[in-house]
Amino acid sequence: MLTLRGRGPRRGAALSQLGIIKDGAVLVRDGRIAAVGPAPKVEKLAAARKAEKMDVAGRVVLPGFVDSHTHLIHSASRAEEYELKIQGASYEEIARKGGGILNSVKKLRAATSQQLKRRARAALELFAAHGTTTIEAKSGYGLDVASELKILSLHKELGAEQPIEIVSTFLGAHVVPVEFRNKATGSEDYVRLLTDWLIPEVSSNGLAEYCDVFCDRGAFSRAQSKQVLAAGIDHKLTPRLHAEQLSRTGATQLAVELGAASCDHLEQINGADIRALAKSNTVAALLPGCDFHLGLRQYAPARKLIETGAIVALATDYNPGTSPTMSMPMILSLACTQLRMTPAEAITAATINAAYSLGRHKRIGSLEVDKQADLAVFDVEDYREIPYYFGVNTCWLTMKGGHTIHAA
Ligand SMILES: [Zn+2]
């Protein structure tokens with residue numbers, strides 16, 4: 001049993017401490033962890049005597065994965081672009097021709113809430129089937145008032161209708177929508193729509209906790225990103241940032257300056273960015289699924305981030321264009337082979353550190369008394385086999401708040 005007990009978030013050498021209990025047991029009551037420790041000790045507790053026993057003999061138990069970066073709601077895959085990319089077109093070339101994010105926007109605007117919900121529910125079942133119990137979900141494929149509010153309302157509805165907890169993020173600043181692109185002042189006008197209209201509306205309806213911006217070449221500048229995130233802060237939406245994925249824009253420094261909860265991607269960061277993150281409480285969320293799916297060679301400098309002392313998290317970035325996966329175990333495999341993180345570091349990054357980036361580390365992300373009983377059981381003998389086996393699913397059982405939500 002990997003408890004991940006102790007202080008969170010973890011930096012440096014602390015990422016390797018999994019708090020392992022051999023032959024462990026966890027006592028669950030009313031959805032919470034009532035006791036955790038060596039099985040003989042937990043079984044002797046008076047409260048354990050009448051408990052229903054679930055024997056997972058020989059398997060590995062750990063906290064349910066926390067996926068801190070997903071684009072849950074979209075209406076279709078972009079498999080046709082996948083093929084174009086294999087044939088040599090770059091992600092940015094496809095985007096310039098109206099593909100990429102704008103392609104997903106067009107399809108989402110035409111889809112009904114029911115269609116979007118059906119697709120999202122199927123995805124949520126797959127998240128659970130791979131050991132994930134909490135996800136963050138971003139809007140950003142609507143890019144007009146009605147469509148963005150439709151996505152955020154779906155986050156809320158889905159959170160209430162199915163077991164996986166959904167943390168909602170407003171990403172109106174994903175790209176400039178097509179109807180604003182023909183005018184010289186189009187991107188400024190769109191930023192104004194976000195800051196003066198959408199952000200106040202999202203906030204007053206309680207539709208999001210976070211505000212995110214895609215700060216990159218072809219999306220929003222550092223100055224525009226600051227404008228959007230500052231408006232978010234004024235309306236009690238904590239910043240997160242898509243930073244330095246395609247080019248270095250200074251987004252990391254902006255994230256630290258604004259006290260962002262996380263700063264995600266980071267393929268293009270430099271030494272000063274790494275040092276700034278290490279001194280801050282802004283989580284460096286790495287998304288290796290993106291680089292893998294796009295066939296890119298440059299991954300984020302995970303080792304330097306860990307060794308310098310940044311709080312590193314891992315996420316799927318589940319989205320139709322650059323990372324179509326719900327599998328955190330696959331992300332752990334990529335973290336090990338491509339980011340050179342050890343299996344222990346990767347597991348910490350996908351549990352307690354990710355929970356911290358969502359402001360939920362006191363409730364989820366480790367197996368400790370009084371925390372929510374969110375756990376995953378893998379059908380392996382050694383936790384290192386979770387990333388070691390890649391492209392196959394060894395998740396055997398997933399529990400959310402004491403209820404089984406997936407069983408192999
Ligand atoms: Zn993303």
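Reader: Where does Ala 310 lie?
Author: In this predicted model, Ala 310 sits in the loop that runs between helix 12 (302–308) and strand 11 (312–314).

Reader: And is Ala 310 buried or exposed?
Author: Ala 310 counts as buried, because its relative accessibility is 0% and the cut-off for buried is under 20%.

Reader: What is the separation between the C-alpha atoms of Ala 310 and Ile 274?
Author: Those two C-alpha atoms are separated by 7.3 Å, although Ala 310 and Ile 274 are 36 residues apart along the chain.

Reader: Switching to the metal, which residues coordinate the zinc ion?
Author: The zinc ion is held by His 69, His 71 and His 242, each through NE2, together with Asp 317 through OD, at 2.1 to 2.6 Å. Along the sequence, these donor residues follow the spacing H-x1-H-x170-H-x74-D, and both His 69 and His 71 are buried.

Reader: Why is the arrangement around the zinc ion irregular?
Author: The arrangement is irregular because the 4 donor atoms subtend angles of 79 to 167°, whereas a tetrahedral site would need all angles between 85 and 135 degrees.

Reader: OK, now the strands: in which sense do strand 1 and strand 2 pair?
Author: Strand 1 (residues 24–29) and strand 2 (residues 32–38) pair in the antiparallel sense over 6 bridges, with Leu 27 standing opposite Ala 35 of strand 2. The two strands form a hairpin with 2 residues between them, and Asp 30 in the turn has a positive phi of about 50°.

Reader: Last one, which residues make the nonpolar surface patch of about 340 Å²?
Author: That patch is made by Tyr 388, Tyr 389 and Val 392, and Val 392 has its place in the loop between helix 16 (385–388) and strand 13 (395–400).

Methods
Residues numbered from 1 in each chain as written. Predicted model: local features only at pLDDT ≥ 70, side-chain atom pairs only at ≥ 80, totals over all residues. Heavy atoms only, no water. Donors = N, O, S within 2.8 Å, 3.2 Å for Na, K, Ca; no water. Tetrahedral: all angles 85-135°; square planar, octahedral: opposite > 155°, others 65-115°. Buried < 20%, exposed > 50% of the residue type's maximum accessible area, 1.4 Å probe, protein only. Pairing = 2+ DSSP bridges. Helix = DSSP H or I, 4+ residues; strand = E, 2+ residues; numbered from the N terminus. Patch = residues over 30% accessible without salt bridge, like charges linked within 9 Å, V, L, I, M, F, W, Y side chains within 5 Å. Areas by Shrake-Rupley, 256 points an atom, 1.4 Å probe, with all protein chains shown as cover. Salt bridge = Lys/Arg side-chain N within 4 Å of Asp/Glu carboxyl O.
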